Amino acid sequence: MKKYDVKDHEPSVLPDGYEFELVWSDEFDGDKLDETKWDYRLCMMGKRHPAWTDKGVKIENGCAVFSIFEENGEIVSSQLQTGYNFMDQPVEKTTFGKEHLQWPIGKLKDNKFTHRYGYYECRCKLQEHTGWRSAFWIQSPIIGASNDSKKTGTEIDIMECFVANGAIKPHNAFTGGYGLDMKRSKVGGKNVSPDEFHTFGLLWLPDKYVFYIDGEEDGVITDKLSDTDEFILISTETDGYRNEDHRPTEEAIQAAKAGDKFVVDFVRVFDIKE
């Protein structure tokens with residue numbers, strides 16, 4: 001791995017054998033979130049998610065600081081995204097002509113940033129408490145619209161941490177949407193120190209996904225390949241709301257009381273030069 005210097009910021013750690021060009025980044029400078037790059041994800045699969053808020057990220061000391069806290073009786077945190085899944089937005093009542101026919105998707109939005117292939121990198125410090133999860137991933141806006149992953153894309157999970165001891169889950173490639181046609185491949189995963197910043201990377205090539213943790217390769221997936229532009233997500237989520245009772249776990253309540261944080265130093269996207 002080789003270093004790529006960014007003025008006044010931590011360098012990137014890039015795979016050997018390629019020449020890269022930085023095409024998009026957020027170093028989280030200034031004192032507020034750059035809303036030309038990011039939006040808050042508040043809905044999932046046509047429903048407003050009760051534990052996602054647009055108040056859970058602050059820009060401090062050149063980092064995006066994600067927090068978990070109580071808001072209106074819920075234990076909430078935030079998800080950031082540079083684009084939109086076409087199935088997330090709730091459906092609003094419509095008619096077609098004079099017929100009472102319902103288009104089964106919500107209002108579509110224009111993506112802020114999507115990209116195809118290259119190297120995706122995030123430097124972050126993981127949460128310290130169990131009860132909520134953090135992730136860095138990319139997703140196609142039209143995932144699941146067909147069974148052809150090259151045409152309609154893949155969810156690629158570059159980093160997922162669900163517990164407090166720095167255990168990184170296996171990297172995933174999901175395609176076919178999130179219903180009967182969903183298919184998954186997974187690889188890698190390891191423990192890292194929760195007390196330090198770490199870099200998590202994806203080298204997305206036409207024939208494979210290569211995952212990296214702190215500059216070391218952590219697995220390769222050669223199926224579920226996407227050939228369509230995808231958007232970036234940095235997400236946190238309170239544990240418990242996907243259970244049948246849709247309530248936070250006791251660990252989540254304690255993490256909120258402790259003022260736990262998930263801190264992101266930067267997100268960068270590189271093209272491979274011809």
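Guide: We will take a helix, a pocket and one arginine in turn. Keep in mind that this model is predicted.

Visitor: Start with the helix. Which residues of α2 are buried?

Guide: Helix α2 spans residues 250-258, and A252, A255 and A256 are buried there.

Visitor: What do the buried residues of α2 pack against?

Guide: They pack against β9 (69-71), β10 (74-76), β13 and β22. Just after α2, look at G259: its phi is positive, about 70 degrees.

Visitor: Now the pocket. What is the volume of the largest pocket?

Guide: About 660 Å³. Its lining has 33 residues, and M45, W137, E155, Y178 and R242 lie nearest the centre.

Visitor: Which element gives the most to that lining?

Guide: Strand β13 does, with 5 residues. By class, the lining has 12 nonpolar, 11 polar and 10 charged residues.

Visitor: Last, R268. Is it buried or exposed?

Guide: Buried means under 20% relative accessible area. R268 is at 0%, so it counts as buried. It lies in strand β23, residues 261-272.

Visitor: Which side chain joins that of R268 in a polar contact?

Guide: The side chain of S12, at 2.8 Å. Further along the sequence, R268 also touches other residues, including W24, E27 and Y120.

Note on methods. Residues are numbered from 1 along each chain as its sequence is written. This is a predicted model: local features need pLDDT of at least 70, side-chain atom pairs count only at pLDDT 80 or more; totals for chains, interfaces and linings use all residues. Side-chain values use heavy atoms; hydrogens and water are left out. Helices (H or I, at least four residues) and strands (E, at least two) are DSSP runs, numbered from the N terminus. Buried means under 20% relative accessible area, exposed over 50%, partly exposed in between (1.4 Å probe, protein chains only). A polar contact is a pair of N or O atoms within 3.5 Å; within protein, one must be able to donate a hydrogen and the other to accept it, and residues adjacent in sequence count only if both atoms are side-chain atoms. Contact means heavy atoms within 4.5 Å. On a 1 Å grid over the protein atoms alone, a cavity is a set of points where a 1.4 Å probe fits but cannot get out, and a pocket is an open set with protein on both sides within 12 Å along at least five of seven lines; lining residues have an atom within 4 Å of a point. Grid points are joined across faces, edges and corners, and a volume is the space filled by probe spheres set on the points. Ala, Val, Leu, Ile, Met, Phe, Trp, Tyr, Cys and Pro count as nonpolar, Asp, Glu, Lys and Arg as charged, and the others, Gly among them, as polar. Lists of a residue's contacts leave out its neighbours within four places in sequence.
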